[in-house]
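This report is meant for a reader who is meeting the structure for the first time. Please look over the sequence and the model before reading on.

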Amino acid sequence: MKRKEILAEYFNNERNILEYDVCQLQQRLRYRKVDAVDCLELSLALERLNAFEEFVKSVSAILRMGLPEEIASENDSEILF
């Protein structure tokens with residue numbers, strides 16, 4: 001499995017986990033009396049999901065930029081792709 005595929009799989013799995021958390025919290029709000037803690041938990045879960053999406057966009061943009069050849073050859077062990 002290539003490193004790009006591993007990173008893509010990680011992004012996909014992490015997104016699924018965060019989306020599942022949001023769905024679970026939304027369902028709890030539907031089926032019981034809501035209090036401030038429930039609202040805060042959902043708000044935090046949504047923010048974690050949004051922050052992760054921003055992180056994925058940033059990492060993807062950085063990886064698309066590439067590195068100059070001389071830098072890439074010096075840091076081969078540190079480069080993901």
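Is F11 buried or exposed? With a relative accessible area of 8%, F11 is buried, and this can be said of a model that is predicted.

**Aromatic residues**

The structure holds five aromatic pairs. One of them is formed by F11 and F52, whose rings stand edge-to-face, at 6.0 Å centre to centre and with 75° between the planes. Because F11 lies in helix α1 and F52 in helix α2, this pair ties together parts that are 41 residues apart in sequence. F52 has a relative accessibility of 9% and therefore counts as buried.

F52 also takes part in a pair with F55, and here the arrangement is tilted, with 6.3 Å centre to centre and 35° between the planes. Both F52 and F55 belong to helix α2, where they are three residues apart, which is about one turn of the helix. F55, at 43% relative accessibility, counts as partly exposed, whereas F52 counts as buried at 9%. Taken together with Y10, the residues F11, F52 and F55 form one aromatic cluster.

**Salt bridges**

Four salt bridges are present in the structure, and the table below lists R15 with E53, R28 with E41, and R32 with D38.

| Salt bridge | Closest N and O atoms |
|---|---|
| E53 and R15 | 2.6 Å |
| E41 and R28 | 3.6 Å |
| R32 and D38 | 2.5 Å |

In the salt bridge that E53 forms with R15, the closest N and O atoms are 2.6 Å apart. Since E53 lies in helix α2 while R15 lies in helix α1, which covers residues 3–31, the pair ties together parts that are 38 residues apart in sequence. E53 itself is partly exposed, its relative accessible area being 23%.

The salt bridge between E41 and R28 has its closest N and O atoms 3.6 Å apart. Here too the partners come from two helices, with E41 in helix α2 and R28 in helix α1, so the pair ties together parts that are 13 residues apart in sequence. E41 counts as partly exposed at 32% relative accessibility, and R28 is partly exposed as well, with a relative accessible area of 39%.

How far apart are the closest N and O atoms in the salt bridge of R32 with D38? They are 2.5 Å apart. R32 counts as partly exposed, at 43% relative accessibility, but D38 is buried, with a relative accessible area of 7%. D38 is found in helix α2, and, when residues up to four places away in sequence are not counted, D38 touches L29, R32 and K33.

**A nonpolar surface patch**

Which residues make the nonpolar surface patch of about 320 Å²? The patch is made by I62, L63 and M65. L63 is found in helix α2, which runs over residues 36–65. At 35% relative accessibility, L63 counts as partly exposed.

**Helix α2 in review**

Methods. Residues numbered from 1 in each chain as written. Predicted model: local features only at pLDDT ≥ 70, side-chain atom pairs only at ≥ 80, totals over all residues. Heavy atoms only, no water. Patch = residues over 30% accessible without salt bridge, like charges linked within 9 Å, V, L, I, M, F, W, Y side chains within 5 Å. Areas by Shrake-Rupley, 256 points an atom, 1.4 Å probe, with all protein chains shown as cover. Salt bridge = Lys/Arg side-chain N within 4 Å of Asp/Glu carboxyl O. Helix = DSSP H or I, 4+ residues; strand = E, 2+ residues; numbered from the N terminus. Buried < 20%, exposed > 50% of the residue type's maximum accessible area, 1.4 Å probe, protein only. Contact = heavy atoms within 4.5 Å. Phe/Tyr/Trp six-rings, centres within 6.5 Å; stacked < 30°, edge-to-face > 60°.
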